[in-house]
Amino acid sequence: MPGKTNSERLWNMNIRDDISKVKLKIERAFSSVRYPGDNNITTHQCYECDRISKYFRGKDWKDVSVIDFYTGYIKTCLALLSDDAFRFYLPLFLTASLDVPDYNESLSGRSTDTRASIISSLEPPNPIERNSASKEKHLPAQWEEQAHRWQARIGGLNAEQKEAIKCFL
């Protein structure tokens, strides 16, 4: 197998530089976000939320290794975090997915797209669902609750944080 050409090496260096710049922007934007508190990591109590709370209890988002992130269950827990914990740990999800974008697929052999999970958590809820059988549009019963929760999460982000998220996207 021949080595990489100079243009391929340069392209890879530029990508790494861009990723480093985005990560730095994320770290700066979220540096003032405070730890949510040991009892404010998830929104309710269940087996899964208890495991997540126990894992994150007392941890700064910078203290979670990429390997722990991708090999454990925490890569899928963004939706279960409280609003304060969501804002505190969001930089972990953003930077970890930039560090090793395909790591989760290479470990399991199947696609478990962390980026799709992040993007889904940042998108406002859709008030119109399609009934697949009849193709009718209808409002889901929980839409107002979902919209309120989304606004509480995203509304707590400042302009610099929103800009960092845009750079991530």
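Modeller: The chain holds eight helices and two strands, and from the N terminus on these elements run α-α-α-α-α-α-β-β-α-α. Please keep in mind that this is a predicted model.

Colleague: How do you know where in the chain confidence is lowest and where it is highest?

Modeller: The predictor's confidence in each residue is pLDDT, on a scale from 0 to 100. The chain has a mean of 80, and 73% of its residues reach 70 or more. Confidence is lowest in helix α5 (residues 103–108), where the mean is 48, and highest in helix α8 (residues 159–168), where it is 95.

Colleague: Why is F56 called buried?

Modeller: The cut-off for buried is under 20% relative accessible area, and F56 has 0%, so F56 is buried. Leaving aside residues up to four places away in sequence, F56 touches Y35, I41, V64, I74, C77, L81, Y89 and L92.

Colleague: What makes S53 buried, with a relative accessible area of 8%?

Modeller: The limit is again under 20%, and S53, at 8%, falls under that limit and therefore counts as buried. S53 has its place in helix α2 and touches I41 and T42, not counting residues up to four places away in sequence. Across the chain, buried residues make up 31% of the 169 residues.

Colleague: How many aromatic pairs are there by the rule you use?

Modeller: The count comes to four aromatic pairs. One of them joins Y55 and F56, with 5.3 Å centre to centre and 85 degrees between the planes. Ring centres must lie within 6.5 Å, and planes over 60 degrees apart count as edge-to-face, so the Y55 and F56 pair is edge-to-face. Both Y55 and F56 are buried.

Colleague: Why is the pair of F56 and Y89 called tilted?

Modeller: The ring centres of F56 and Y89 are 4.2 Å apart and the planes stand at 40 degrees. Stacked needs under 30 degrees and edge-to-face needs over 60, and the rest count as tilted, so this pair is tilted. The pair links distant parts of the chain, as F56 is in helix α2 (residues 47–56) and Y89 in helix α4 (residues 83–99), 33 residues apart. Y89, too, is buried, with a relative accessible area of 0%. Together, Y35, Y55, F56, F88 and Y89 form one aromatic cluster.

Colleague: Which residues have the most contacts inside the largest nonpolar core?

Modeller: That core has 33 residues, and those with the most contacts inside it are F56, L81, Y89, L92 and F93. At least two residues each are supplied by α1 (6–29), α2, α3 (66–71), α4, α6 (114–122) and α8, and α4 gives the most, with ten residues.

Colleague: What makes I118 buried?

Modeller: I118, found in helix α6, has a relative accessible area of 0%, against a cut-off of under 20%, and so is buried. I118 touches L78, F93, L94, S97 and F168, not counting residues up to four places away in sequence.

Notes
Residues are numbered from 1 along each chain as its sequence is written. This is a predicted model: local features need pLDDT of at least 70, side-chain atom pairs count only at pLDDT 80 or more; totals for chains, interfaces and linings use all residues. Side-chain values use heavy atoms; hydrogens and water are left out. Rings of Phe, Tyr and Trp (its six-membered ring) pair if their centres lie within 6.5 Å; planes under 30 degrees apart count as stacked, over 60 as edge-to-face and the rest as tilted. Buried means under 20% relative accessible area, exposed over 50%, partly exposed in between (1.4 Å probe, protein chains only). Helices (H or I, at least four residues) and strands (E, at least two) are DSSP runs, numbered from the N terminus. Contact means heavy atoms within 4.5 Å. A nonpolar core is a set of buried Ala, Val, Leu, Ile, Met, Phe, Trp, Tyr and Cys residues joined through side-chain atoms within 4.5 Å.
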